[in-house]
Amino acid sequence: MTSSVAENETGAILSLTHVDLNLKSDAGDVHILKDISLSLPAARSVGIMGPSGSGKTTLLMVLGGLEKPTTGHVAVAGQDFSGLDEDALASFRRDNIGIIFQNFHLIPTMTALENVAVPLELAGEKRAFEKAKEALDAVGLSHRTTHYPGQLSGGEQQRVAIARAFAPAPRLILADEPTGNLDAETGAQVTKTMFDLAKSRGATLVMVTHDAALAGQCDSIVHIRDGKIETPA
Ligand SMILES: Nc1ncnc2c1ncn2[C@@H]1O[C@H](COP(=O)(O)OP(=O)(O)OP(=O)(O)O)[C@@H](O)[C@H]1O
Ligand SMILES: [Mg+2]
């Protein structure tokens, strides 16, 4: 926890210090992330670009506390993940980090409203359904609250996922190719929704994308190649 004071002093919302990730597999050890150090100020957006297999998704998982680095430190809002046990990390993640996936990851048996409200409820939010309704309003889906994911277009499903990610008011939003499954026009609308929400909420947005134009809308771009950062943010 010694680094948490340092992170607060620099005002970084997110900091990675000499992060390495080695995974053991049948084919031998895979060295996926190599000495990644990165610091991001609050309320900014950063695009992560790089070839397929370069480690972008893995990096997001490490940033989100879903994958533990082999060595090095990850801190969000001054909290070093290595100082938290599994339960504390899960609850920290729930309150501070929202994740948006390429494949939406909505629960098919729940309505749009339930998909957004249930995680809030699980987090102990008493006004879960009210807040979920507000979040769906904010992504322009107030007319689709009782629809199931299968009754929604891809762009609408991704907007539900965006509402779900933003609803608990996290400081950090991680998005992994959020427009990868959408056509260009729908992707542009979804992106605008995401950027607008991040800005109005003061959230930091970290977005993996293969789309240079999309990455260009971010305040900065980090290029990853073979598990290493090419250009620091
Ligand atoms: N659980 C795992 N065990 C072993 N190797 C893995 C594991 N997960 C990922 N890898 C390897 O780590 C490397 C980085 O994977 P990652 O999914 O982070 O790439 P990516 O940059 O997101 O690629 P894409 O653009 O195709 O999504 C790849 O070579 C992948 O095969
Ligand atoms: Mg990936």
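In the predicted model, helices α4 and α6 run roughly parallel to each other, because their axes cross at roughly 20°, an angle that falls under the 35 degrees taken as the limit for this class. Helix α4 spans residues 112-122 and helix α6 spans residues 154-166, and the two axes come within 9 Å. The sense in which α4 passes α6 is right-handed. On the α4 side the contact comprises Ala 112, Asn 115, Val 116 and Pro 119, and these residues meet Val 160, Ala 163 and Arg 164 of α6. When the residues of this contact are sorted by class, 5 are nonpolar, 1 is polar and 1 is charged.

Helix α6 also packs against helix α7, which covers residues 184-201, with the axes 10 Å apart and at an angle of about 15°. These two helices are therefore likewise described as roughly parallel to each other, and their crossing is right-handed. The residues contributed by α6 are Gly 155, Gln 158, Arg 159, Ile 162 and Phe 166, whereas α7 contributes Thr 186, Val 190, Thr 193, Met 194, Leu 197, Ala 198 and Arg 201. In terms of residue class, the contact of α6 with α7 consists of 6 nonpolar, 4 polar and 2 charged residues.

The packing of α4 against helix α5 (residues 128-138) involves axes that come within 8 Å and cross at roughly 130°. This angle makes α4 oblique to α5, and the crossing of the pair is right-handed. From α4, the residues in contact are Ala 112, Leu 113, Glu 114, Val 116, Ala 117, Leu 120 and Glu 121, and their counterparts in α5 are Ala 128, Phe 129, Lys 131, Ala 132, Lys 133, Ala 135 and Leu 136. The contact of α4 with α5 contains 10 nonpolar and 4 charged residues, with no polar residue in the division.

Methods
Residues are numbered from 1 along each chain as its sequence is written. Chains are lettered from A and ligands numbered from 1 in the order in which they are written. This is a predicted model: local features need pLDDT of at least 70, side-chain atom pairs count only at pLDDT 80 or more; totals for chains, interfaces and linings use all residues. Side-chain values use heavy atoms; hydrogens and water are left out. Axes are lines fitted to C-alpha atoms, for helices over the stretch in contact, and angles run from 0 to 180 degrees between N-to-C directions. Helices (H or I, at least four residues) and strands (E, at least two) are DSSP runs, numbered from the N terminus. Angles under 35 degrees count as roughly parallel, over 145 as roughly antiparallel, 65 to 115 as roughly perpendicular and the rest as oblique. A crossing is left-handed if the near helix is turned anticlockwise from the far one by less than a right angle, and right-handed if clockwise. Contact means heavy atoms within 4.5 Å. Ala, Val, Leu, Ile, Met, Phe, Trp, Tyr, Cys and Pro count as nonpolar, Asp, Glu, Lys and Arg as charged, and the others, Gly among them, as polar.
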